[in-house]
Amino acid sequence: MTTIRDVAREAGVSVATVSRIINNKGEASPETIARVKRVIKELNYKPNSLAKSLSKRNSDLIALLVPTLSNPFFPELVKAIESAANEQGYNIYLCNSDDKRSKVKYYLDSMVDHYVSGAIINSLHVDEKDLEMLEERGIKTITIDRANFEHPYSAVTVDHQLGAEQAVTHLIEDEGCRKIVFISGPRGEKSAEDRLRGFELSVKKSGLLVETSVVHGDFGTESGYNCLKSLLEKGKVFDSIFSSNDAMAIGAMKACYEYGIKIPEQVKVIGYDNISFASFMAPSLSTIDQRKGEIGKLAIQELIRLIQNGEEKPKQYRLEPQIVIRQSTKTTGGI
């Protein structure tokens, strides 16, 4: 690999001169600049971005901390954020914590070591002290959704209570459902608790006699399958399922198929997240769209605003989810 020293030797100048010309800093004669640029092209020299980061104590890297890549929602969110970052000339340093505090701690330290310019945090295992640590080291931060605490830094959240209300209102008012199973996410997980709250509130607001059953999964497809299979084995009767995410909804649909239950004729199913696979299910899955594209663009825009304008005050944003009605809740008219 060609180094800056190779360029300097071939051009007959010092390493410092090459560095100044590359970074458009300092003075050099037009002849020297032309010669150095010619040698750079001939040797196909590519500046070491990490070395530049070390010298400037920042980089074009933005760290993205996610809890898992097993849930299809997060790879799609990563893709949306990466696309938005690349458009602005930034690269993503992906940190998958597997929802473990030990890995979160490792990646927080790694962000500092890599001189990232900013960090997008989506984790239950990050607290305000962690954000303070990053901010004190010049790393601007923004949290997405999963923070279980209030903090003074930038944030993008989704109104999950509203999303759950949209789903349940559709089942009760549009589809006439009166026996609803809600497959909730893990206890203590903020977005899951918000969706559970929205579910309960919507049932209460309806003023109708609606029988409900609440079971808790872990956001994984297998847990949705197991939750519903357990209810079916106990002889539970229901006419609809609302799942706290699409992955568990897909698992629940598999359990229904194994028991010969037709969707949507006998049981209507709606999920949450609007992962791309939802539209390819048979029947296609009704769901709540978290607007991943908008989350990605907004998170990057806000972070770059903070990075480029160091004294700017943090802002917090709240997005409204949107219901997407497909075949799993519509006997006719679904998309």
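**Strands, their neighbours and a few rings**

Reply: Let's start with strand E4 (residues 140-144) and strand E5 (residues 154-158), which run parallel and are joined by three bridges. Two strands pair if DSSP finds at least two bridges between them, and the labels are DSSP runs numbered from the N terminus: helices (H or I) have at least four residues, strands (E) at least two. Across this join, Thr-143 has Ala-155 in E5 as its bridge partner.

Before going on, note that this is a predicted model, in which local features need pLDDT of at least 70 and side-chain atom pairs count only at pLDDT 80 or more, while totals for chains, interfaces and linings use all residues. Residues are numbered from 1 along each chain as its sequence is written, and side-chain values use heavy atoms, leaving out hydrogens and water.

Now step back to the whole sheet. E4 and E5 belong to an open sheet of six strands with parallel pairing, in the order E2-E1-E3-E4-E5-E11. E2 and strand E11 (316-319) are the edge strands, each pairing on one side only. From one strand to the next, the twist averages 15°; here axes are lines fitted to C-alpha atoms, for helices over the stretch in contact, and angles run from 0 to 180 degrees between N-to-C directions. Helices pack on this sheet too. Helix H5 (residues 73-87) touches strand E1 (61-66), E2, strand E3 (118-121) and E4, with a direction at about 155° to that of E2. Contact means heavy atoms within 4.5 Å. Helix H7 (residues 128-136) touches E3 and E4, and its direction makes about 150° with that of E4.

There is another open sheet to explore, with four strands in the order E7-E6-E8-E9 and parallel pairing. Its edge strands are E7 and E9, each pairing on one side only, and its twist averages 15° from one strand to the next.

Look at strand E6 in this sheet. Five of the six residues of E6 are buried, where buried means under 20% relative accessible area, exposed over 50% and partly exposed in between, with a 1.4 Å probe and protein chains only. E6 (residues 179-184) is joined to strand E7 (residues 211-216) by six bridges, and the two run parallel. Along this pairing, Lys-179 faces Glu-211 in E7, and Val-181 stands opposite Ser-213 in E7. To get from E6 to E7, the chain passes through helix H9 (residues 190-206) in a right-handed β-α-β crossover. Right-handed means that, with the strands pointing away from the viewer, the path from the first strand over the helix to the second runs clockwise. H9 itself lies across E6, E7 and E8, at about 165° to E6. Helix H11 also packs on the sheet, touching E6, E8 and E9, with its direction at about 155° to that of E8.

E6 has a parallel neighbour in E8 as well, through four bridges. Ile-180 is opposite Ser-240 in E8, while Val-181 stands opposite Ile-241 in E8. Both faces of E8 (residues 240-243) are covered: Ser-240 and Phe-242 are buried on one side, Ile-241 and Ser-243 on the other. E8 also pairs with strand E9 (residues 268-270), in the parallel sense over three bridges, and there Phe-242 stands opposite Ile-270. Together E8, helix H11 (residues 246-258) and E9 make a right-handed β-α-β unit.

Finally, a word about rings. The structure holds five aromatic pairs. Phe-73 and Phe-74 have ring centres 5.2 Å apart and planes at 80°, so this pair is edge-to-face. Rings of Phe, Tyr and Trp (its six-membered ring) pair if their centres lie within 6.5 Å; planes under 30 degrees apart count as stacked, over 60 as edge-to-face and the rest as tilted. Phe-73 is buried, at 6% relative accessible area, and Phe-74 is buried at 7%. For Tyr-93 and Tyr-107, the centres are 6.4 Å apart and the planes at 75°, so that pair is edge-to-face too. Tyr-93 lies in strand E2 (residues 91-96) and Tyr-107 in helix H6 (residues 101-113), so the pair ties together parts 14 residues apart in sequence. Tyr-93 counts as buried at 17% relative accessibility, as does Tyr-107 at 15%. Ring pairs link Tyr-93, Tyr-106 and Tyr-107 into a cluster.
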